[in-house]
Amino acid sequence: MPEHLLIAPSILAADFARLADEARAVEGAADWLHVDVMDYHFVPNLTIGLPVVQSLRKATTLPFDCHLMIDEPARWATAYAEAGAYNVTFHAEAATDPVAIAKDLRAAGSRAGLAIDRDTPVEGYLDLLQHFDLLLVMTIKAGFGGQAFLPELLDKVRTARRHVDTGHLELRIEVDGGVAEDTIAACAEAGADTFVAGTAVYGADDPAAAVRKLRARAAAATR
Ligand SMILES: O=C(CO)[C@H](O)[C@H](O)COP(=O)(O)O
């Protein structure tokens, strides 16, 4: 288990008219900024794309954790790395050759993440994890923030954690969807070490304080 628990507020829940301010509001408290890119094809929602990521990159010191919920990740993923993303995660369901994309991302200067959506079993991807820096296990159906957390999906986190620890892989396990003060402990106990939270952070009066509370809950659960 990596020593550090990382909290990544999702700007999907932020005020899109004030993205730069919203990003800065969690500087000093959060580890990464989670940036949800949706194309209205892979998921039935449309958010932001490369131009916004390029502009926002200049507005905050937080490392970007770009989550591509898009078709054809092979065509677009490296552009996010070149735009300065620290980590670029794409969906296994949308990729024909995930390992090739991971290699391209690393060559372009970012870390490579593989995401699996609600209905995708993890077992078929365990052997690929050695080529990745992060596995994102969705704890909702990808596409919209504010959904209820699905605790049964933590079985995938447990399976991945066993595989990572047994194989001594250097891989973060991230959860995304419905992560909040009352659900983050279960995620950490299952083996997640990286936590995306949208509503729980940007729906709070003090987003930075909300991040600190989430971190404390996750840390307490892993002691
Ligand atoms: O990937 C996502 C949706 O597909 C979001 O990152 C996720 O939903 C975060 O929002 P919340 O914490 O409100 O559930």
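This is a predicted model: local features need pLDDT of at least 70, side-chain atom pairs count only at pLDDT 80 or more; totals for chains, interfaces and linings use all residues.

**Notes on the ligand site and its surroundings**

1. Let me start with Asp 36. Asp 36 sits in strand S2, and it counts as buried because its relative accessibility is 5%, where buried means under 20%. The side chains of Asp 36 and Ser 10 are joined by a polar contact of 2.8 Å.

2. That brings us to Ser 10, which lies in the loop between strand S1 (6-9) and helix H1 (19-24). Ser 10 is buried as well, at 4% relative accessibility. Beyond its neighbours within four places in sequence, Ser 10 is in contact with His 34, Asp 36, Val 196, Ala 197, Gly 198 and Tyr 202. In the unreviewed UniProt entry, Ser 10 is listed under "binding site", along with His 67, Gly 143, Phe 144, Gly 145, Gly 146, Asp 176, Gly 177 and Gly 178.

3. Asp 176 deserves a point of its own. Asp 176 belongs to strand S7 (residues 172-176) and is buried, with a relative accessible area of 8%. Leaving out residues up to four places away in sequence, Asp 176 touches His 34, Asp 36, His 67, Leu 136, Val 137, Met 138, Thr 139, Ile 140 and Val 196. A polar contact of 3.3 Å links the side chains of Asp 176 and His 34.

4. The "binding site" annotation in the unreviewed UniProt entry also covers His 34, Asp 36, His 67 and Asp 176. These residues are spread over 143 residues of sequence, yet they cluster in space, with a largest C-alpha distance of 10.7 Å.

5. Now to the ligand. Which residues are closest to the ligand? They are Asp 36, Gly 143, Asp 176, Gly 198 and Thr 199, out of 21 residues that surround the ligand. An N or O atom in the side chain of Asp 176 is 2.8 Å from an oxygen atom of the ligand. A polar backbone atom of Gly 198 is likewise 2.8 Å from a ligand oxygen atom. Taken alone, the ligand exposes 370 Å², and the protein buries 99% of that.

6. Where does the shell come from? Strand S2 (33-38), strand S3 (64-69) and strand S8 (194-197) are the elements that give two or more residues to the shell around the ligand. S2 gives the most, with three residues. By class, the shell has nine nonpolar, ten polar and two charged residues.

7. Phe 144 is in the loop between strand S6 (134-138) and helix H5 (154-167), and with 39% relative accessibility it counts as partly exposed. A polar backbone atom of Phe 144 is 3.4 Å from an oxygen atom of the ligand. Not counting residues up to four places away in sequence, Phe 144 touches Leu 12, Met 38, Pro 44 and Asn 45.

8. Most residues other than glycine have a negative phi. Tyr 40, however, has a positive phi near 65 degrees; Tyr 40 is in the loop between S2 and H2 and is exposed, with a relative accessible area of 55%. Glu 72 is not a glycine either, and has a positive phi of about 50 degrees. Glu 72 lies in the loop between S3 and H3 and is partly exposed, with a relative accessible area of 47%.

9. On to helix H3 (residues 73-82), where Pro 73, Ala 77, Ala 79, Tyr 80 and Ala 81 are buried. The buried residues of H3 pack against S2, helix H2 (50-57), S3, strand S4 (87-91) and helix H4 (98-107). Gly 84 follows H3 and has a positive phi, near 105 degrees.

10. Is Ser 110 buried or exposed? At 6% relative accessibility, Ser 110 counts as buried. Aside from neighbours within four places in sequence, Ser 110 is in contact with Ala 81, Ala 85, Tyr 86, Val 88 and Leu 105.

Terms used
Residues are numbered from 1 along each chain as its sequence is written. Side-chain values use heavy atoms; hydrogens and water are left out. UniProt positions are given in the numbering used here, feature names are shortened, and annotations may be inferred rather than shown by experiment. Helices (H or I, at least four residues) and strands (E, at least two) are DSSP runs, numbered from the N terminus. Buried means under 20% relative accessible area, exposed over 50%, partly exposed in between (1.4 Å probe, protein chains only). Contact means heavy atoms within 4.5 Å. A residue is near a molecule or strand if one of its heavy atoms lies within 4 Å of it. A polar contact is a pair of N or O atoms within 3.5 Å; within protein, one must be able to donate a hydrogen and the other to accept it, and residues adjacent in sequence count only if both atoms are side-chain atoms. Accessible areas come from the Shrake-Rupley method with a 1.4 Å probe; for residues, only the protein chains shown count as cover. Ala, Val, Leu, Ile, Met, Phe, Trp, Tyr, Cys and Pro count as nonpolar, Asp, Glu, Lys and Arg as charged, and the others, Gly among them, as polar.
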